[in-house]
Amino acid sequence: PPRSTLFPYTTLFRSAAPQPLITAINIRGNTHVPIDRIGAVIRSQAGTPLDLKQVAADRASILALGYFTDVKTDIRPTPGGISLNYIVIENPVVSKLTFVGNSHVTSDILSALMDTTIGAVLNTNTLRDDVTKINSYYDKLGYIGTRHVSNIAIAADGGVQLNIQEGVTVTKIVVTGNSVIPTPAILGTMKTKPGTIFSQQTFGNDLQSVSKIYTDLGLNVSFDNNTGPDPNAPGTVDVAVCEVRVGAVEIAGNSKTKDYVIRRLLRVRPGELITEARLKRDYELINSTQYFKSVDLSTKPFGDKCGYVTLVWTVVEQRTGTASVGVSYGGGGQYGQGLSGNLGYSEANINGTGDGAQISLQRGLHVSDLSLAFNVPYVHRFKPDSVNFSVFNHVVSQQPYPVYKEAGNNPFFTITQQGGAVPANPGTVGGGASGPCSANGSPCTSQFALYSTRQAGVSVGFGHPIADYTRISFGGAATRLSQEFDASGFPQQFL
């Protein structure tokens, strides 16, 4: 068959056409920006093949300098290759800086924040950084909630105008959570008002002023996290007051004293407002029991409920029981009481219930004493009605007592001194052991009286508080008293 029908297709192998060499690189259109500054970012080089991707990258690098509105490329054939030309269009020279809308920050301060200066070619990179500085400055002043440089206008003559929106204009202030201080009083102390530009710094000072109103009343206050501009309602400012209240009360450190004994003393209870005066009163009430070496108060958060705290009363217990043993000497001789011993025990916090009791015993040659007392400060566990009960029995038995001879010719004796000074030791003066007893003012030696007495009684008292520092008390007591003198050394009828 013919050759043409055997090989109907002819494959031609061609190599890609080589790119022309760059013989020259030129920069045109620049008036103020030095060529060296532009050439420093161009990566295409003379003597190398033309790379259109690199040319595009060079164009982007020149634009990134920020001095130019546009960059064009012009490629022209030359003997031996092509010339690569970058044609730049410079930004205008800044002739003036103008700020519109600023009232809280002067134009001089805003100009000082900027690196863009009059007389220099406008650099968009520098201007962008200047905008960031201005926005940041306003944020630091507390003017939040908006982008402060809202618009930039660049005129052909180089005038640069920055429109400033210093902050969000307050349209409404919503106060919530206040039950003690009325809303008008809170709004009256604030400088943030409808029609003003919101400033976080000013608003922070306002919150301190509100806190001071509460502090002056002895109260504490905090503010909820949503206090401030309402993101869902521009212009609305929320003041979410959290009056500090008791969420819970914890008792710590007590091992003997029952929790309820401490709790029933407290005046500040869950749900109530916390005041310094009432906390001080609670401290005094706990400390005055004398059950504890120390009493401390601390607080901790109560869940996530704003304003509510947990009061933690921490006590260190001490001994509340006292035992005593004693020996006393009441003098010797004829009329001395001699030695006596006494035992006593008191407990102010029986089994940690707050009830108290005491007992005392005394026994001597002529004296015998017994006393017993109970005190219950709370008849009911949480009702401060009190009751106290005591009994006593005091006995003096056959205690020698000096007698004196009555003046005159009579057989009578008396326990009343018949003139003269009382002798230092009546057992060694007077008529003497063998002499007669005479009315000379000295006690008789061989005659004396035996004094006996008994006092026994019981008392019951009740108390009921009618105010924090006032309690009404009432009760009754009964005492039986008997006493007698028996003659010793002479007939009873002559005493």
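How far apart are the sulfur atoms of Cys-437 and Cys-444, which form a disulfide? They are 1.6 Å apart. Keep in mind that this is a predicted model, where local features need pLDDT of at least 70, side-chain atom pairs count only at pLDDT 80 or more, and totals for chains, interfaces and linings use all residues. Residues are numbered from 1 along each chain as its sequence is written, and side-chain values use heavy atoms, with hydrogens and water left out.

Disulfides, then. A disulfide here is a pair of cysteine sulfur atoms within 2.5 Å. By that rule there are 2 disulfides. Let me finish with Cys-437 and Cys-444. The angle about their S-S bond is -55°, and the link is left-handed. Now burial: buried means under 20% relative accessible area, exposed means over 50%, and partly exposed is in between, with a 1.4 Å probe and protein chains only. Cys-437 counts as buried at 18%. Cys-444 is buried too, at 1%.

The other disulfide joins Cys-242 and Cys-306, with 2.0 Å between the sulfur atoms. Which hand does that disulfide have? The torsion about the S-S bond of Cys-242 and Cys-306 is about 110°, so the disulfide is right-handed. This pair links distant parts of the chain, 64 residues apart. Cys-242 sits in strand E10, residues 236-243. Cys-306 is in the loop between strand E12 (292-301) and strand E13 (308-317). On naming: helices (H or I, at least four residues) and strands (E, at least two) are DSSP runs, numbered from the N terminus. Buried or partly exposed? Cys-242 is buried, at 7% relative accessibility. Cys-306 is partly exposed, at 26%. Counting bonded cysteines along the chain, the pattern is 1-2, 3-4.

Next, the sheets. Strands of a sheet pair through backbone hydrogen bonds, either parallel or antiparallel. Two strands count as paired if DSSP finds at least two bridges between them. I have two sheets to show.

Take the open sheet with the order E1-E3-E2. It has 3 strands and mixed pairing. Strand E1 (22-28) and strand E2 (68-78) are the edge strands, each pairing on one side only. From one strand to the next, the twist averages 15°. Axes are lines fitted to C-alpha atoms, for helices over the stretch in contact, and angles run from 0 to 180 degrees between N-to-C directions. E1 pairs with strand E3 (residues 81-90) in the parallel sense, over 6 bridges. For Arg-28, the bridge partner in E3 is Ile-87. Which helix lies across E2 and E3? That is helix H3, residues 52-64, running at about 150° to E2.

Now the open sheet with the order E4-E6-E5. It also has 3 strands, with mixed pairing. Strand E4 (96-100) and strand E5 (149-154) stand at the edges with a single partner strand each, so one side of each is left without a neighbour in the sheet. Neighbouring strands here are turned by 15° against each other on average, direction ignored. E4 and strand E6 (residues 159-164) pair in the parallel sense over 5 bridges. In E6, Val-160 is the bridge partner of Leu-97. Helix H5 (residues 124-140) packs on this sheet and touches E4, E5 and E6, contact being heavy atoms within 4.5 Å. The direction of H5 makes about 150° with that of E5.

Last topic: salt bridges. The criterion is a side-chain nitrogen of Lys or Arg within 4 Å of a carboxyl oxygen of Asp or Glu. The count comes to 10 salt bridges. One of them joins Asp-70 and Arg-59, at 3.4 Å from N to O. Asp-70 lies in strand E2 and Arg-59 in helix H3, so this pair ties together parts that are 11 residues apart in sequence. Arg-59 is partly exposed, at 32%. Arg-59, Asp-70 and Lys-72 are linked in a network of salt bridges.

Over to helix H5. What does Asp-115 form with Lys-133? A salt bridge, with the closest N and O atoms 2.6 Å apart. Asp-115 is in the loop between helix H4 (107-113) and H5, Lys-133 is in helix H5, and the two are 18 residues apart. Lys-133 is partly exposed, at 32%.

One more pair. The side chains of Glu-243 and Arg-245 meet in a salt bridge, 3.6 Å from N to O. Glu-243 is buried, at 4%. That's my tour; thanks.
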